[in-house]
Every structure is written in C-alpha cells, then in structure tokens.
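Welcome! Try each task before you read its solution.

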Amino acid sequence: MAVPARSCGSSSPGPARTARPWPGPGARRPAPRTPRPLLLLLPPLLLPLLAAPGTCAYSFPQQHTMQHWARRLEQEIDGVMRIFGGVQQLREIYKDNRNLFEVQENEPQKLVEKVAGDIENLLDRKVQALQRLANAAENFQKAHRWQDNIKEEDIMYYDAKADAELDDPESEDVERGSKTSTLRLDFVEDPNFKNKVNYSYTAVQIPTDIYKGSTVILNELNWTEALENVFIENRRQDPSLLWQVFGSATGVTRYYPATPWRAPKKIDLYDVRRRPWYIQGASSPKDMVIIVDVSGSVSGLTLKLMKTSVCEMLDTLSDDDYVNVASFNEKAQPVSCFTHLVQANVRNKKVFKEAVQGMVAKGTTGYKAGFEYAFDQLQNSNITRANCNKMIMMFTDGGEDRVQDIFEKYNWPNRTVRVFTFSVGQHNYDVTPLQWMACANKGYYFEIPSIGAIRINTQEYLDVLGRPMVLAGKEAKQVQWTNVYEDALGLGLVVTGTLPVFNLTQDSPGEKKNQLILGVMGIDVALSDIKRLTPNYTLGANGYVFAINLNGYVLLHPNLKPQTTNFREPVTLDFLDAELEDENKEEIRRSMIDGNKGHKQIRTLVKSLDERYIDEVTRNYTWVPIRSTNYSLGLVLPPYSTFYLQANLSDQILQVKYFEFLLPSSFESEGHVFIAPREYCKDLNASDNNTEFLKNFIELMEKVTPDSKQCNNFLLHNLILDTGITQQLVERVWRDQDLNTYSLLAVFAATDGGITRIFPNKAAEDWTENPEPFNASFYRRSLDNHGYIFKPPHQDTLLRPLELENDTVGILVSTAVELSLGGHMLRPAVVGVKLDLEAWAEKFKVLASNRTHQDQPQKQCGPSSHCEMDCEVNNEDLLCVLIDDGGFLVLSNQNHQWDQESFDYQAACAPQPPGNLGAAPRGVFVPTIADVLNLAWWTSAAAWSLFQQLLYGLIYHSWFQAEPAEAEGSPEARASSCVMKQTQYYFGSVNASYNAIIDCGNCSRLFHAQRLTNTNLLFVVAEKPLCSQCEAGWLLQKEAHCPADGPEQCELVQRPRYRRGPHICFDYNATEDTSDCGRGASFPPSLGVLVSLQLLLLLGLPPRPQPQVHASRRL
C-alpha cells in the first residue's frame, strides 16, 4: 500500500493537552463496552502518542518492510532457541536413556472410578461412626432421668472456654465465682488436628448468651457425658477420624478429642445451631418468605431490632434453602431487586442484608397485604425452589387483625404453609392475634423485646421444622454431606457428615411419640484427606481431579483456594466459576449433578496460574458419581498427559551417580538445581526455603535409599532420573556455549519429575519462578502452547532492579519438549532461555530497522531523498512494540519505556491474588486479541483496552503510577465474601497481519500489526498522531471489586444454574402435635447482657460477654 510522504513546511503546535489524573482506588471501573465501528474505536487508541511532527523526508514503512522486520525477529528468536534451548538434544537424551524409564498410561475411566471408590470407602467409615454415635445418644438420653434440682457442682466436664475466661479477670465466671467443676487437662500437639488435643476427654462449648447453670444445660451436660466413651471407641476403630461433634438443640456442643476453644479477640458469637452442618442436618430444605412490618409505629429501636432479626434469620438458612424478604404497611413490596424466591447462598443473603438496612417506617399496618404477598410467593411454581417446608416469618410490633380470611383462602384446611410470628420491641399491644396466627398455621409465636433475645428466637423455629423428621423415625435417619466450609477449630476446609438425633422418650406408655430433635451428630473430613486419595503427579502439570455436589459447588478443585475464610459462611464456589464457563462445561456440570457417568473432549479456555493469561486448550473430561454420597467426581486430562514417564533406576550405582548432581558442590559446573518441594518421604522436613529443603532432602537420602518403604518410590526415582537427564543437557549443550554472545542471562530446564536446573549457577540468584514446576506459570503455559512462550518481567522484578545481580532484568522464553515414544506423545519437560532485557531492547530496534547488524552505521536520509521510517532512527515518530498474548509489554523502541514509572503500569494491571471466599463467582471478562488481521479484533473495545493504555503510557507515563495497596481491613472485612472481576486477553485464530488507516477528526494515522510465528508475540508498528481530538478511555486488567456483589446479581437470579436438592423432604406428618405454639419470652434475660448488647446494636461496639441468658426447650 503506497503511503504519501508527509508534506514539508512548518506546522503550528496543536492545542495544549492536560494529563488526566489516574483513577484513584475508589474509582469505578468502566463496564465492558459493545464492539464499535473501527474508525470510532481506534482514534483514541493511538491518539496520545503524538510527539513532534516527523521530518518531511520520511514516510510510514511499507507493509513488506514491516513483514521483513517481523521475519528478522522470528529468525533471531528461533536461532537462539535452537542453539541454547536444547529441545532436539533433550529429545535425544531421553531416547538414549530409554532403558531407564517406562511409559505408563493414564486410563481416565479406571482412574476416576478408583478414586471415587476410595472416597466412598473413606466416607463410609465416617458414616458408620456417625450411626454408632446417633444411636448411642438416643439411648443415653432415653435412659437419663431429668433432675430438677441439679446443681453446677454436680457436673464434672472440661469447659473449652474456661482457660480463656480464667485468663480474663473481667470474665463473668471470675466475677461471680464459677461453681462448675471444670476439669483441668493436659494436651499434646497433633498435626492431624493442627491443634493440641487430649484423647481421654471431650470438651464442651456453650454459647456466650446461654447461662451455663440453667437446669436445661446441666441436664444436657449430664446425659451427654456418656458419649465420651463412644467417641473414644470410634477413634480406636478408625484412627483417621477427626472432630466428632454432638451439637445439641439447646446450644451445647460436645466434641472429641478435647482441645481449648479458639476464643476470638472480640465477643464469641459461636452457636452450633447456626453452623452450616447443623442447619443442614436439623431439618429438610426450606422455602421461606420473611415479611417485615414497616408501618409508622415501627420506628427507632424497634425498627433496628427488626433489621437485626431479619439478618440473623437469614443466617439460619443454607444453600439448600430458598428465601425472599418483603416489607409491608398498606402495601407489600420486596426489599431488594429479587422479585421471587432465590437460593439462600452467601451472595444473595448479602444482597438481602444490605437491602434490609434501607427499610423506612411509614404508613399503617396492613397484615393482609403482607400475607397475600407471601402466599403468592410460595405458590409461584414457575421458579426454582426447595419445594419443601414452606413457611412465612412475620416481624411486627403488634396489631389486632388476625387476617383469618387470608388463611382460609391460601392455607386451610391442609395448612401446608407454617406461619411464625415475632413480636418485636417493648410495647403494650395485645399479642393474642399474633399467637393465634402461629397456632392456627402449625407455626410458633416468639417475642423479641430486646437485642439479647434475637439470636435465640430466630433459630428455634428449627425445632418446629424438625418435628416431622422425628416422627418419620428411621426413614429420616439419613447421613447428609455438607458443602465445604471453614472448621471453627482450625482444621481448614472440611466437609461434614451429619445425622439427626431424635428424642425417643415418652411420658408414659401409650402416650404420643416425642417429636423433639435432640440435636445433630457431625464428623468432619478434611479436604486434604480426600485430596490424598487422588493421583498427584501422574496427571501432569495441567491434569487434575475435581468433585462437585448437588448444588454444583466444588469440594475438590485446584482453583478452590480461598484467601480469606470465615467460619460462619460456607465456601461455595460453583464449578462454572472455578473454571471459565462455556456450554460444554454447563453440560458436564448438569450430568454430574444428575449422578451420571460420562466422558467428553472439549476445546475450552483456561486461565494461567498467575491469572495474567488465557489459553485455548483441549481437555478430556471424565466423570462418575461417588456412591452413597451427593458428590460426583471428575478427572481432567490434556491429551499430552495421557501418558507419563515412570523411572526404573534399579542400578544403584547409577542412582548414586545421578544423586551427586543434586549436591551443591556440583552446581558451579553443572548449574544450580531447584527440587520441587514434594512429599518424597514421611520423615522429610518441609521448608519454604528451597536451599534448606534440598539440604534436608540430601541429609535424609544419606540415611535411606530411594526404594525405602517410608518413601514415595515413584517420586524419588523420577526426581533422580531427571537430575541425570538435565545434567546431560548441560554437558552436551550449555557448558560450551557463550551466553553473552546472544545477550542471555541464563538457560534452564524444568521437568515433570520436579527438577529445575539453571545454568550458570550464579543465575539462580535472580530466579524467581516457583521451584515446583507444576506450580510455575511458564511451565504450565509452555505445555499448553506450541512454540516459544515469552513471559515479560513481573512487577517485583521491575520495581526492584537494584536488588538484582548486575542490575539485570530478564525475559523468560520457554518451550515444551515433545517426545514420541512407541507411538505415544508426551511432554515431560520444558526448556528455555532468559534474555537480557536491556540488550534485547537495543537488538529489537536494530532488527526493526534498515540496518543489517548492530555495528552498521545508522542510515541517514537527506532532505531531498525519500525514506521509510524505521523503529530505530525514527523512534520519536514511530512506535514499535512487542506485546505478548496477555497484552503485556515485552520490548519497545521507546527508551523511556523502561523507566520505573512506565513499568509501574504493568504492576497496576497484573491481577492480584483473590481476596474472596470462593462463595461468589468471580466475573472473568475474557476478550480476545484475536483477529489481529480482521475487523473483529480491532473493533473490540475490551481487547484494545490494555494495549491502549500501553500506548498512552509512552507519553503520559506519569498516569500509570501504581494504585495504593489497600490495607487488610478489620477482621470482619477480611471475613466477608466478595466478587472480584478480572480482565484477561488472549489470541484467538488469526491471520498473519493487519493494516489500517485511522481517521480521527483532522488526523490520519497508520498502523500495522503482525503475529510472530511460533511465538505468543504481536509486533505492532504505529505512527504517532499529529493532533489530539478524541476522548481517551481505558479498562484495567487489575482485579477489582464488583459493587454490591456484582452488577448482574439481580439478573443472575432470573437465570438460576441447574441444581438438585436433597432427595427426600420431611415437612408433614399427620401425627404431629401442634398445640405447643409459643408463649412469649421463655427465659429470664440478664440485665448485663441486655445492656451490653444494646450498646453493641446502637453504638457498634463489641460488648464484654456476660453469659447469663437461660436456655430452655420449649417444644
């Protein structure tokens, strides 16, 4: 394409431009825009790059010239990698050592069925222990004789909070002198529990707002003491058992083995009845509508009590439940954007809680409007819901209308909807209508006169819901497995098997069967124990096992890594949020939830380990159900991981020879070796410092052999084999090469066996990649991509250049080594080089110029001659850059691009570690740098956004200061779940090049983009503009909080993901006795508790615990 030269003559300067300030931490990120026409999008892209107008003798380079530059760059990269990478030589080394290893096959169907069977067996042992505990508890309670005159000094038990209370001189027990005979125990450290424990006793935890000396609590402590021997016997039969817990409906928790309670810094609000596992085990799923009276009489403290009560009520719901919240006066309306019942997951409950705070009292009370709205919600069958335990929870300050006509219309005679009424605040209204509503509709009436009564009265409705379950008897005695959640005693992420415990007592022969639920038995299983049953290293770096439950939430997945956890919230990460969602994965998820087997090969997008890149890859998914559970197990394998190498080093002399190359004394001649910190042997001491870990490893190997029974022979043999193979690469290729000739800082090789060898030895001082190849982003990306993968320096390297050896900064270039052995294809290693950034930046300008080599003088263009611009001579008028497939800058012809401030831009855009709980989906916007050569890519506003900022930064680099890091918030803030939104960029299917002329007002701009073959690089040449007339906008790649848990949350509930609830519902029994339906406040509240908790509500201050509230069983 012929391009006229710029006309000669003076040009007046354009209008002055003012740099726009960089958005601060609170700035809202622009929403992704729809594609716009090319000429509307591209002007702001290149607009801010104007320097002085170019000399009139130069013209924009021709397309064939820029393609020539691109070929020179390709040849230079390929030549360096062929000489120093050693791909071909490493292939030959593997073939020469063919007798030292075998090629094994991963058979997906057999693998996944074996792992599913192992998990089933593990969980089945816990089920047997649960059944023994539940049966024993029912028998112990049945045999127990109630004692009205029982005293605190009559009971001996270990109070888990006693040590903390005695250490606190202001604690309630110290003030009044505890009469309880609390045991003093000795503890031993147990790594399985990550805690100090005592195996001879159980521990008891009683909520802060429950009085320990009440008759109910003392009788509970009396009969549950007998569980201690059953706990101990369970552990004898299965030493792998972790926490065994009985959560009582009175609030008492007895657990084994004994360990001191983890007392928080503030008031301890732990109540077992609000734990996810207890809620799930104590009742069937629920469809709940909460209606709140916001008439004018509800104001001040009463309204605050109602808001707090609703929030506490929401905390009693789990992911199997559905809920909506509405306010009413003369009319009823939802408090949030949700117009129907929605799943009671963490993010939806958060929306409700925030919306409830906006309720305002006005108008007159209209119970009719509230109940009509609630019944309409429950009768809506066109939505996803639990379809079990339908109920209405009404919070009001009182009224006279019984709305009997509404109940006759919607609920009688079958009474399929339970009605619970809550009289809130201190007033003189007649509560008889509220009591009648509850009693006439199989519900219960509660009073909440003050904040001290909220927690206990918003959770005891579960006892009513438990009645049909108790009356169903053995049919309801089914073990359920929970979602993933954080263990309150420090085990980390766990799932819990639960089994309800029923009251089997009868007042006298012939009396009606008791309908009380005594509590829930639970046994924890750490996710780490389940993960140990899965294959670790035979699946390769990008293969993995995952498992999901009926909600589609993962309990196993490599991306289930919550940075912040909160024991009050389950960790609910959906499979489609753990990965990048597409139609194929939706189909796989549905099939797994339905309990089917299946296999499917798909093309999908995956996010890199460092979350900076997106790759399109092929994956094989295989899945089977885990019998006797509500879980399903999946296996994901790339095609190149179908086969793997298994070392066979039977020659002990060879073992010793290869092992010597792990000794630091060999590093100077053979290169530095990092070994992956794997569990090679049981007695190997772990360390985060690889030098120390290697030292520990060597010391252990001097005592044991690789064939020792205490060691993982597969891991050890493969490690030693790869040590020898990479040493042969040094010997054949690296040792005799001069790295400085090609401006290389280092060469390296990493293997599946866990070896990373860096040459020369001194280069290891600046090596920042993970010593575990399977956790190194360059390693995993190289396996998934063909050709040479460039990884530009990261934030820390660029911001701390003075701390680096010789002040050098490097660019990693890596590629996978593909082997074909016996017709089987596999990729057991990655090799690469580390380029000297500064030297290659100069080389880049030469290769993208009219010079043939660096020593040749620069070509000068006279005033009367016609010349093409190049990236070296005309760097003030021509922008030339290499960017990688994530949009990150690799090389540039702009000298000031390497200033600290310029590179700070990359730091601002690099994704940060997620600070979410995994409870909400992280919206990942995945545009494509695809079709560099066609309109689709160039008209994608999102795809251009990062590149756009890159170009702006060349002139206004001061805009790209890193945003201030947000400090870790308060404990409450850290524990709160949130949605993080990221933007990644990737290449799709593209042609070779693309050219365009851009028009922006009076400006005419030219640019050319060219993919470099066999790399992940894009070469861009752009003319700097002559004027500034277009508005500039940009998007950030930096991970950012989505406001209100995501702007699409209200829309997402309109398209709920597929799920299945528990198979059986217990919400009705003809023999249920509903006569006990409430009689107001049932415990004498402590004045101290009420005063301190009122201050907590009104002032937001943490009160000093004063546990004097009496617990009682009312049902």
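## Exercise 1: Thr396 and its surroundings

Leaving aside residues up to four places away in sequence, Thr396 touches Asp293, Met306, Tyr367, Phe422, Ser423, Val424 and Leu434, where contact means heavy atoms within 4.5 Å. This is a predicted model in which local features need pLDDT of at least 70 and side-chain atom pairs count only at pLDDT 80 or more, while totals for chains, interfaces and linings use all residues. Residues are numbered from 1 along each chain as its sequence is written, and side-chain values use heavy atoms, with hydrogens and water left out.

**Task.** Find the strand that holds Thr396, and decide whether Thr396 is buried or exposed.

**Solution.** 
- Step 1: Thr396 belongs to strand β14, residues 390-396; strands are DSSP runs (E, at least two residues) and helices are DSSP runs (H or I, at least four), numbered from the N terminus.
- Step 2: Thr396 counts as buried because its relative accessibility is 0%; buried means under 20% relative accessible area, exposed over 50% and partly exposed in between, with a 1.4 Å probe and protein chains only.
- Step 3: Val292 is 104 residues from Thr396 in sequence, yet their C-alpha atoms are 6.3 Å apart.

## Exercise 2: Two helix pairs

**Task.** Describe how α3 packs with α23, then how α10 crosses α11.

**Solution.** 
- Step 1: Helix α3 (residues 87-96) packs with helix α23 (residues 713-734) at about 130°, their axes 10 Å apart. Axes are lines fitted to C-alpha atoms, for helices over the stretch in contact, and angles run from 0 to 180 degrees between N-to-C directions.
- Step 2: That angle makes α3 oblique to α23; under 35 degrees is roughly parallel, over 145 roughly antiparallel, 65 to 115 roughly perpendicular and the rest oblique.
- Step 3: On the α3 side the contact includes Leu90 and Ile93, and on the α23 side Ile725 and Leu729 are among the residues.
- Step 4: Helix α10 (residues 301-314) and helix α11 (residues 346-356) have axes that come within 10 Å and cross at roughly 175°. They are therefore roughly antiparallel to each other.
- Step 5: Lys307, Val310, Cys311 and Leu314 of α10 meet Lys349, Phe352, Lys353 and Val356 of α11.

## Exercise 3: The span of α2

**Task.** What does α2 reach from its first C-alpha to its last?

**Solution.** 
- Step 1: Helix α2 (residues 63-85) has 23 residues and reaches 32 Å, close to the 33 Å expected at 1.5 Å a residue; the expected span is 1.5 Å times one less than the number of residues.
- Step 2: After α2 comes Gly86, with a positive phi near 75°.
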